[in-house]
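This report is meant for a reader who is meeting the structure for the first time.

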Amino acid sequence: MTLRLHDTATREVRDFVPLEEGKVGIYVCGLTVQSEPHVGHVRSAVNFDVLRRWLSASGYAVHFIRNVTDIDDKILTKAAEQDRPWYNLAYAMHAELTKALASINVLPPTYEPGATGTIPEMVELIEKLIARGHAYVGEDGSGDVYFDVRSWPTYGELTRQGIDDMEPAGDADPRGKRDPRDFALWKGWKKETEPESAAWPSPWGPGRPGWHIECSAMASKYLGPAFDIHGGGVDLRFPHHENEQAQSRAAGMPFASYWLHNAWITTAGEKMSKSLGNSLLVPEVLKRVRGIELRFYIVSAHYRSHVEFSFEALDEAAAGFRRIENFLERVGYASTRPTGIEEMTAEFVAAMDDDLGTPAAMAVVYDLVRDGNRALASDQDARMHARHVEAMLDVLGLHPHDEAWAGAGAGDEKLTSAVDVLITALLEDRATARADRDWARADAIRDRIKAAGIEIEDTPSGPKWSIDNAG
RNA sequence: GGUGGGUUGGCCGAGAGGCGAGGCAACGGACUGCAAAUCCGUGUACACGGGUUCAAAUCCCGUACCCACCUCCA
């Protein structure tokens, strides 16, 4: 069984064949660091993190590049509104992003280049495009450089659109463009409105890069002129990815072999209002559920399916995930964490190989949990079930004992051991009451503990307590 | 106008010609002092109208509604 992936360029699921055996190069468009990341932003990161982990588990050496756009119109506008330097805003938001991704166990990429660190490569690429007759300097003296879409016969091929069918941008600044669909490779510095710190020297005068050129430059710098997979959100297909491909190929690079796009996550059928928008910021959501539960919610849906975000669905997912955790708690975790495809069931591997079928893969996990629980109920050994479950959760970035979750939420060890002492004392009182068959007193103790947000579970080996996450 | 996607049980969410993915919730049962956890059981779901087929949620034609992108966007 080989991995099959849905390629946007061909609109079909096809066998994944790497350019070089045993190795995979992936480039994912990260975020423009202009505001705090919300749930929608991190979905993309989680989806591609799963891809990356699955490729690693399948035996590939993965080179994973995810960029950040740290200079653009929006950053300049927002920074000006907040009366702070643009680079300070970008830097601070980049830190927020890193924190948010770490809180849901997204592995750091091999490298995370920023646009501002790749400007010489972009200038070089633009010069090549001008030399080849695919780009021109704006004739209005603005210092802008544009890509000439009419000069590239296959422009529009990624999204199957003809140039003449495209709606000309109504609000685009036409400064010196030959065709309204031409896009900026380089934006000349606007002295009156833009800070000098946002301009870099170039053969066309001071300025800053256009949005699309950065990814072409960064991808080829770190992955080479041809690489395996390019990913991003659906909204990036056009214009961003179309433009990236056009300019890269026009400069003589084959560029990406496969294009993967994750679907949107929206909020309860409404436009994101300010209050709802704020409540969807990652730290806000993590006040309600744990990071591992948020990640589970994202992973449970297929990456190409549109998800309608709701707190109800999030709570349901969290409740479902706790069932899996409970099973592992009951069996007891393996002393060393089981990893590797050989520890997973064939059904799980087949589901993942089929365009990362995480919903089907989760169904396999649930089936194993039920079988394991059943074995436990009849005093049979369920450790093998648990091994499979652990390995499968691990590759999805959902292993409860992953270091990534340590220190998050209720994980403070000193606090936990302090609570343990107190609860244990109360449980001893309850045990005494139960031995005396004083049910009223026993239940009163349990109710008091429950009121503090702690769930008591009587097991053959005595009562166990856990934080009631559903509360 | 162009391009792409969607509509599945109370809810979430897979599947893509033939045996009801899975989860959450609900109800009944087992276990329990009572619970919790767990297990067992309970559902005649595929927007609408036609068609193809021995067989359609799945393919074809049409209709309705929804969403995304068309130079700010994960």
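The C-alpha centres of domain 1 and domain 3 lie 56 Å apart; chain A is divided into domain 1 (18-262), domain 2 (267-405) and domain 3 (412-467), with bounds from an automatic or database domain assignment. This is a predicted model, in which local features need pLDDT of at least 70 and side-chain atom pairs count only at pLDDT 80 or more, while totals for chains, interfaces and linings use all residues. Residues are numbered from 1 along each chain as its sequence is written, chains are lettered from A and ligands numbered from 1 in written order, and side-chain values use heavy atoms, without hydrogens and water.

RNA strand B is surrounded by 58 residues, each having a heavy atom within 4 Å of the strand, and the closest are Arg11, Trp211, Asp235, Leu236 and Arg374.

The table gives polar contacts, pairs of N or O atoms within 3.5 Å.

| Protein atom | Atom of RNA strand B | Distance |
|---|---|---|
| Gly40, polar backbone atom | base nitrogen | 3.0 Å |
| Lys74, polar side-chain atom | base oxygen | 2.7 Å |
| Gly233, polar backbone atom | sugar or linking oxygen | 2.5 Å |

Methods
A polar contact is a pair of N or O atoms within 3.5 Å; within protein, one must be able to donate a hydrogen and the other to accept it, and residues adjacent in sequence count only if both atoms are side-chain atoms.
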